[in-house]
Structures are given as structure tokens and as C-alpha cells.
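Open the model in your viewer and keep the selection tool at hand.

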Amino acid sequence: MQTVKEIEEIIKNISVENIPEAVKKFEADERGSVKRLVAAALKRYYKYTEETERLRGLWVYENELYTEGKELVCGVDEVGRGPLAGPVVTAAVILKKDCFIPGINDSKKLSEKKREELYSIIMEEALSVSIAMESHTVIDHINILQATLKAMKKAVSGLEVRPDFILVDAVTIPDIDIPQKGIIKGDSQSISIAAASIIAKVTRDRLMVKEAESYPGYGFEKNKGYGTAEHIKAIKELGLCPIHRRSFTKGFL
């Protein structure tokens with residue numbers, strides 16, 4: 001009879017999709033430790049299948065475009081339309097067909113640690129990634145919507161390959177000669193847009209952490225420029241710093 005340690009090692013090395021078949025030979029083992037190992041392995045398998053099904057749902061828009069002959073589908077999203085300080089950041093991402101990246105989702109639904117982890121995977125696995133931003137100055141000059149659209153266009157133009165189709169979160173990008181579709185809450189419905197939201201979010205968060213070193217007292221390392229109570233209090237006490245959006249902060253002074 002195999003020892004519990006030997007069985008544990010065997011189960012640990014089973015590829016997740018093969019777990020149900022592989023653990024059958026251990027299910028008759030009456031030892032409590034073995035039963036727990038089998039139960040844990042099956043739990044891992046069911047979690048894997050659940051995540052696989054969720055990800056399959058995120059590929060619906062992309063798969064429809066693939067069937068129409070569109071080979072390179074780009075997702076575009078932005079982060080930073082609401083903050084009182086800092087730039088708006090956009091990302092354009094073209095993923096490989098049917099790439100499997102467990103955990104990918106709307107960046108707002110993920111922890112900071114998970115976003116950082118997925119950022120690295122997306123940057124490695126994607127066919128092409130492009131990041132663009134517009135500063136607080138541009139936002140004040142042409143308004144946040146126009147600054148966002150301008151940054152999105154720059155992000156698409158910065159891709160190493162030209163996409164056949166663009167999926168955009170909520171809006172469509174003007175003055176661009178590539179077919180596109182705006183999807184409401186697209187970062188929860190399209191894997192390409194979700195990937196773009198993660199890239200944009202991590203990029204902007206890292207930038208605002210650096211800005212906190214240059215402009216201490218506003219809590220940029222925590223609030224990332226958003227209008228938290230502490231941030232607004234700091235504005236009233238310290239005044240505006242160079243990266244504050246003047247058009248967003250008039251009411252606080």
C-alpha cells in the first residue's frame with residue numbers, strides 16, 4: 001500500500017483537467033488523510049472548470065468576430081476618468097486566440113495583488129499591448145471625455161500590429177478607420193477589454209504611487225488621485241499641487 005506521502009506527491013503532480021479520472025484509484029482508501037487529499041484535489045478541479053466556463057463567456061464577442069474572419073481583435077479601456085489628480089490612462093490589447101489566463105476580469109473586481117500578477121501574464125502572453133495617456137493639463141483644456149478618446153486613439157495607433165476590429169468599453173473612438181464596437185460594461189463581458197482594463201489600472205496606479213513621492217500629503221499612494229474625504233481635506237489644507245485637475249477641484253477651494 002502506498003504511503004500518504006506518496007499519494008500526496010502523485011496527486012500534486014496530476015494536471016488539473018485529469019484529476020477526476022486520476023483520483024479514482026484512491027477513492028476507496030479509508031484513511032482520513034487520503035480522503036482529504038482526494039477531496040482537496042476534486043475541489044481544485046471544480047474550481048478550475050468553473051473558471052474555464054466563466055472565461056469561455058468572456059470570449060463571446062471575440063469568437064463571433066473570429067468566425068467573421070477578423071483575426072486580430074483589440075480590446076480598449078481607460079482608467080482615471082474620475083480622479084481629481086493625475087492623467088487618464090488607456091490601454092489597447094490584442095490577445096492570442098483562446099489564450100487561457102485564469103482570473104482575468106474587470107480590474108475593479110480584482111485585488112491589487114491579483115491585478116499585478118495578471119498584468120505580468122498579459123504583457124507576456126498578448127500579441128501586442130499599447131499604453132497611452134493624457135495629462136491633467138489636457139483634461140482641463142479639452143475635458144475628460146475628449147482627453148479619454150484622444151488617449152484611446154493613441155493607444156490603438158501604438159500597437160505593433162494593426163487590429164482587424166476594436167472592442168471598446170462603453171464608447172467608440174472617433175476618427176479611426178478600423179471597425180469597432182462600444183460595449184456597455186465591456187470590461188465584464190469581453191476578455192480583450194478586461195485585459196486592457198488591467199493594464200491601464202496597474203499602469204496608472206504605479207504612476208500615482210510615484211507622484212506621491214513628489215507631492216506628499218495628498219495620499220496619492222492610497223487614493224490614486226480619487227476624491228476621498230482625506231484627499232479633499234488635504235486640498236483644503238495644502239491647496240492644489242501641480243498634477244491636480246483644476247476643472248475638477250474648483251468646488252474644494
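Which residues are buried in H5? Select Arg 115, Leu 118, Tyr 119 and Ile 122: these are the buried ones, where buried means under 20% relative accessible area, exposed over 50% and partly exposed in between, with a 1.4 Å probe and protein chains only. They line up on the same side of H5 because they cover an arc of only 115 degrees around its axis; the arc is that of the directions from the helix axis to the C-beta atoms. An α-helix has 3.6 residues a turn, so residues three or four places apart point the same way.

Before moving on, note how to read the model. It is predicted, so local features need pLDDT of at least 70 and side-chain atom pairs count only at pLDDT 80 or more, while totals for chains, interfaces and linings use all residues. Residues are numbered from 1 along each chain as its sequence is written, and side-chain values use heavy atoms, with hydrogens and water left out. Helices (H or I, at least four residues) and strands (E, at least two) are DSSP runs, numbered from the N terminus.

Zoom in on S2 and S3. These strands run antiparallel and are joined by seven bridges. Ile 94 stands opposite Ser 128 in S3.

Contact means heavy atoms within 4.5 Å.

The last stop is helix H10 (residues 229–238). Its buried residues are His 231, Ile 232, Ala 234 and Ile 235. They fall within an arc of 155 degrees seen down the axis of H10, so they line one face of the helix. The face turned away from them carries exposed residues, including Glu 230 and Lys 233. Helix H9 (220–223) and helix H11 (246–249) pack against the buried residues of H10. After H10 comes Gly 239, with a positive phi near 80 degrees.

Technical notes. Two strands pair if DSSP finds at least two bridges between them.
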